[in-house]
Amino acid sequence: RDIERGEQIYISYNRCSECGGRKDGYGTAEMFRDYGFVEAFPQRWHYYNYNELEFELIHDEESGYYSVEWVIRPEDDRVEIIREWLLGQVRRLERLRHVTSPTQESEQSGVPKNEWDMIW
């Protein structure tokens, strides 16, 4: 189709069948590593050394809530363990907001806002 003047063009680096083999096994962390940015939500995360775990993190902008949609669901007996592990990671990231180093002014967060925005 024709692109209208002023129309926004969207491109995906990992959510298409013609993305250089990145449709499967390529997620948010690899996107950040390879390109220095992260696509908007949903974000795909995978931990293949941790029970073949893969999920999409979805952010509802209206409510502010996050949810998980499994791509590779963990075995039933591991769901609660993995849930607790993921919540622990969220708590760890939240603590980073309050870390300061000797080179930073006391009112600054331990992670600069632009970097926090990139990793979160």
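**Close-up views of a predicted model**

**View 1. His 46 counts as buried, with a relative accessibility of 14%.** In this predicted model, the residue falls under the 20% limit below which a residue is called buried, and His 46 itself lies in strand β1, which spans residues 43-47. The side chain of His 46 is joined to that of Glu 30 by a polar contact of 3.2 Å. When residues up to four places away in sequence are left aside, His 46 touches Gly 25, Tyr 26, Gly 27, Glu 30, Leu 53 and Glu 54.

**View 2. Helix α1, formed by residues 28-35, has Thr 28, Glu 30 and Met 31 among its buried residues.** These residues cover an arc of only 160° around the axis, and they therefore lie on the same side of α1. Strand β1 is included in what covers the buried residues of this helix, and Glu 30, one of those buried residues, is also the residue whose side chain makes the polar contact with the side chain of His 46. Just after α1 comes Gly 36, which takes a positive phi of about 80°.

**View 3. Strands β2 (residues 53-59) and β3 (residues 66-72) pair in the antiparallel sense, over six bridges.** Within this pairing, Glu 56 has Glu 69 of β3 as its bridge partner. The two strands, β2 and β3, form a hairpin in which six residues stand between them, and in the turn Gly 64 has a positive phi of about 85°.

Key: Residues numbered from 1 in each chain as written. Predicted model: local features only at pLDDT ≥ 70, side-chain atom pairs only at ≥ 80, totals over all residues. Heavy atoms only, no water. Helix = DSSP H or I, 4+ residues; strand = E, 2+ residues; numbered from the N terminus. Buried < 20%, exposed > 50% of the residue type's maximum accessible area, 1.4 Å probe, protein only. Polar contact = N/O pair within 3.5 Å; in protein donor to acceptor, adjacent residues only side chain to side chain. Contact = heavy atoms within 4.5 Å. Arc of directions from axis to C-beta. Pairing = 2+ DSSP bridges.
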